[in-house]
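Please find below a colleague's note on the structure shown here.

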Amino acid sequence: MVHQLKWRALGIIIPIILIGGLGYGSDLFIFRHHYSKSERVKHHVYLHMTWLSYLLAVIVPAGSPPTDFEPDKELAPLCTFCKKCNRPKPPRAHHCKICGTCILRMDHHCPWTANCVGHNNLLHFFRFLFWVCLACSSVFWKLCQRIVVLWQYRNAPIYGENITTTEIIATIIMTPVIILVLFTVGVLSIRMFWNLASNITLIETWDLERVENQMNRGRLPKCEFPYDIGGPIDNMIAALGPVIFWPWPWTVPIGDGMHFEMNEEGLEQGRWPPPDPDVIPLVPRVETGPGRNRTLVNNYSSSNSGYFNERYENLAARQTNTFGDETSDEEDEDEMQGEEGYWRREKWTSWDGEKLEDFGVDVDAESYRPSIDAGPSNSSSKHTDDEDDLPLGVIKRKLAPSPRSTSIVASSQMSSASSN
């Protein structure tokens, strides 16, 4: 689970103490007495590469959209709007509540680097995890060797086998600490490697679980994650760049962090994650026959229009009876509203207890609708902060006047002109 620290400085102080204490302490109190010079040199190479990669993960910005960013025709259907930055944000970007800006291809905000992990520093962070695991594994293996020796000579005089009290104390203290660090960083490394093999971020894995749960409940049609473009190597190259660049700390990311290759399903279905069905804006229903027969058209996706229109009718049927009167079953309505609120991005909790804000995402900025500065206000044009973000094209269509209102205005103008 990803959680943020109350005091951000601890996120830097604790790793520095652990890296310095375990790295230099193990060499000073144990290794220099029992291991060769070549083995100690290798240990210091691991240690100083850990320092370098950690420094880069801390100081290199994750990357933000340009201040004058305007989506092109390719990006416009995939972009959303950020309330805090007051401008469009590219696909896969999120507003970090700690950094105070939108982050390109945001993975999460890491409390142990006091920095976001995004497009510009993803490789630095991944390289840091690799060197930590390699250095800790090396130290742990050498400590295990010393523990075996100490156990074999547990009944011998300490001064007889070049064993000092300082070495015993250092081994007792460092062994459980190195196990804890190796376990926690190892789990995060496995998770990151697994995500990179699918070209997916931590935030997107959280969203994917939420979307799959809604698909299983019938709330959303079947859809695929759009950025999984093939095998693990292809996905890792898409996220980190060419393999030859991975070991070197001076490499720069590939691409601009705003345009991403998508699979065929992603090109067809559009933006990820798909908006919740409860907030999909629909155009006004058009009468097609006598009575209440109407044809519904969905503005978000033509391929999913039938699904969402059917859901819209089911929702209306639960709120009205056969004669068009409001239902009196308040408990059923409360249950329906509670279930719908449960699936919203700002309320959803994953199986391991993670919420969207645990990754550092500013939920208020994510659920923004631009307000209408001019023009008559009506219920269809109002936007609320508790809705999920929609593509800019959908927002524009939602803001556009309805055909009915346009015809009313036109007829009124014609009547006034004829009277004059």
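The points below take up salt bridges, cysteines, backbone geometry and surface charge in a predicted model.

1. The structure holds 6 salt bridges. One of them joins the side chains of Arg40 and Asp27, with an N to O distance of 2.9 Å. Arg40 is partly exposed, having a relative accessible area of 27%, whereas Asp27 counts as buried because its relative accessibility is 7%, under the 20% limit.

2. Asp207 pairs with Arg210 in a salt bridge whose closest N and O atoms are 3.3 Å apart. Asp207 and Arg210 are separated by about one helical turn, because they lie 3 residues apart in helix H5. Both Asp207 and Arg210 are buried.

3. Cysteines. How many disulfides does the count come to? The count comes to 0 disulfides. For Cys99, the closest cysteine sulfur is that of Cys116, at 3.6 Å; a disulfide requires sulfur atoms within 2.5 Å, so this distance is too far for a bond. Cys99 is partly exposed at 32% relative accessibility. Cys223, at 14% relative accessibility, counts as buried.

4. Positive phi angles. Most residues other than glycine have a negative phi. Arg92, although not a glycine, has a positive phi of about 75 degrees. Arg92 is placed in the loop between strand E2 (87–89) and strand E3 (94–96), and counts as buried at 6% relative accessibility. Asn199 is likewise not a glycine and has a positive phi of about 55 degrees. The loop between helix H4 (165–197) and helix H5 (202–216) contains Asn199, which counts as buried at 4% relative accessibility.

5. A cis peptide bond. Most peptide bonds are trans. The bond from Trp272 to Pro273, however, is cis, with omega near -5 degrees. Pro273 lies in the loop between H7 and strand E7 (286–287).

6. The loop between H6 and H7. Pro242 is found in the loop between helix H6 (232–240) and H7. At 31% relative accessibility, Pro242 is partly exposed. The C-alpha atoms of Pro242 and Pro253 are separated by 9.5 Å, and the two residues are 11 apart along the chain.

7. Negative surface patch. Which residues form the negative surface patch? The patch consists of Glu212, Glu224, Asp228, Glu264, Glu265 and Glu268. Helix H7 (residues 264–269) provides the largest share of this patch, with 3 residues. Glu265 is found in helix H7, and counts as partly exposed because its relative accessibility is 38%, between the 20% and 50% limits.

Notes
Residues numbered from 1 in each chain as written. Predicted model: local features only at pLDDT ≥ 70, side-chain atom pairs only at ≥ 80, totals over all residues. Heavy atoms only, no water. Patch = residues over 30% accessible without salt bridge, like charges linked within 9 Å, V, L, I, M, F, W, Y side chains within 5 Å. Areas by Shrake-Rupley, 256 points an atom, 1.4 Å probe, with all protein chains shown as cover. Salt bridge = Lys/Arg side-chain N within 4 Å of Asp/Glu carboxyl O. Lys, Arg positive; Asp, Glu negative; His and termini not counted. Charge placed at Lys NZ, Arg CZ, Asp CG, Glu CD. Helix = DSSP H or I, 4+ residues; strand = E, 2+ residues; numbered from the N terminus. Buried < 20%, exposed > 50% of the residue type's maximum accessible area, 1.4 Å probe, protein only.
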